[in-house]
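Welcome, and thanks for taking a look at this one with us.

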Amino acid sequence: MKTKILMVCLGNICRSPLAEGILKSKLDTNRFIIESAGTGHWHVGEIPDKRSIKVAQKYGIDITTQRGRQFTEKDFNEFDIIYVMDIENKKNLLKMAPNDQSQNKIKLILNELFENENVEVPDPYYGTDSDFEHVYKLLDEASTVIAKKISS
Ligand code: 4NP
């Protein structure tokens with residue numbers, strides 16, 4: 001059985017598509033399935049934000065085949081680990097979780113990098129290219145730690 005990991009942010013067009021693309025690039029896709037979703041509904045069916053596409057492309061990662069989708073309660077059954085980008089995402093998912101087992105799947109992604117510090121991946125939606133670059137670097141470092149941990 002493959003291990004299934006879900007990346008979650010608010011819109012599923014800026015941060016979580018990057019997290020999905022970056023982690024996928026570091027793991028064996030024969031053993032892992034990585035997807036992403038948003039807590040909001042506004043960008044369902046859309047391609048990722050052009051600034052996320054651009055920064056991913058700069059580092060050799062193609063996220064243009066991804067399409068926005070909204071997180072649903074069923075995802076708690078489907079996925080083994082659910083990484084959220086910020087504390088608001090975490091609160092929203094905790095409210096939707098039907099039981100403790102589901103709640104325990106929810107992890108703040110940057111706690112893999114900065115243990116127990118509850119650092120958030122800042123929402124770059126109203127930001128600039130350099131905010132997207134910053135988000136990319138944070139997710140790249142966190143994904144390196146995650147890949148090392150779960151591949152061993
Ligand atoms: P994301 O960024 O959660 O990283 O995808 C956002 C994208 C869209 C919106 C907010 C954040 N929005 O309000 O539409």
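Predicted model: local features only at pLDDT ≥ 70, side-chain atom pairs only at ≥ 80, totals over all residues.

**Helix α6**

- The helix covers residues 129-151, which is 23 residues.
- At 1.5 Å a residue α6 should span 33 Å, and its end C-alpha atoms are 32 Å apart, so the two values agree.
- The buried residues of α6 are Phe132, Glu133, Val135, Tyr136, Leu138, Leu139, Ala142, Ser143, Ile146, Ala147 and Ile150.

**Aromatic pairs**

- A search of the whole structure turns up three aromatic pairs.
- One of them joins phenylalanine 71 and phenylalanine 76, edge-to-face, with 5.1 Å centre to centre and 80° between the planes.
- Both partners are buried: phenylalanine 71 has a relative accessible area of 4%, and phenylalanine 76 has 1%.
- Tyrosine 125 and tyrosine 126 also pair: their ring centres are 4.9 Å apart and their planes stand at 70°, so this pair is edge-to-face, given that angles over 60 degrees count as such.
- In this tyrosine pair, tyrosine 125 is partly exposed at 34% relative accessibility, while tyrosine 126 is exposed at 77%.

**A lysine over a ring**

- Which residue lies over the face of phenylalanine 79?
- That residue is lysine 4, at 4.9 Å from the ring centre.

Definitions and conventions
Residues numbered from 1 in each chain as written. Heavy atoms only, no water. Phe/Tyr/Trp six-rings, centres within 6.5 Å; stacked < 30°, edge-to-face > 60°. Buried < 20%, exposed > 50% of the residue type's maximum accessible area, 1.4 Å probe, protein only. Lys NZ or Arg CZ within 6 Å of the ring centre and 35° of its normal. Helix = DSSP H or I, 4+ residues; strand = E, 2+ residues; numbered from the N terminus. Expected span 1.5 Å × (residues − 1).
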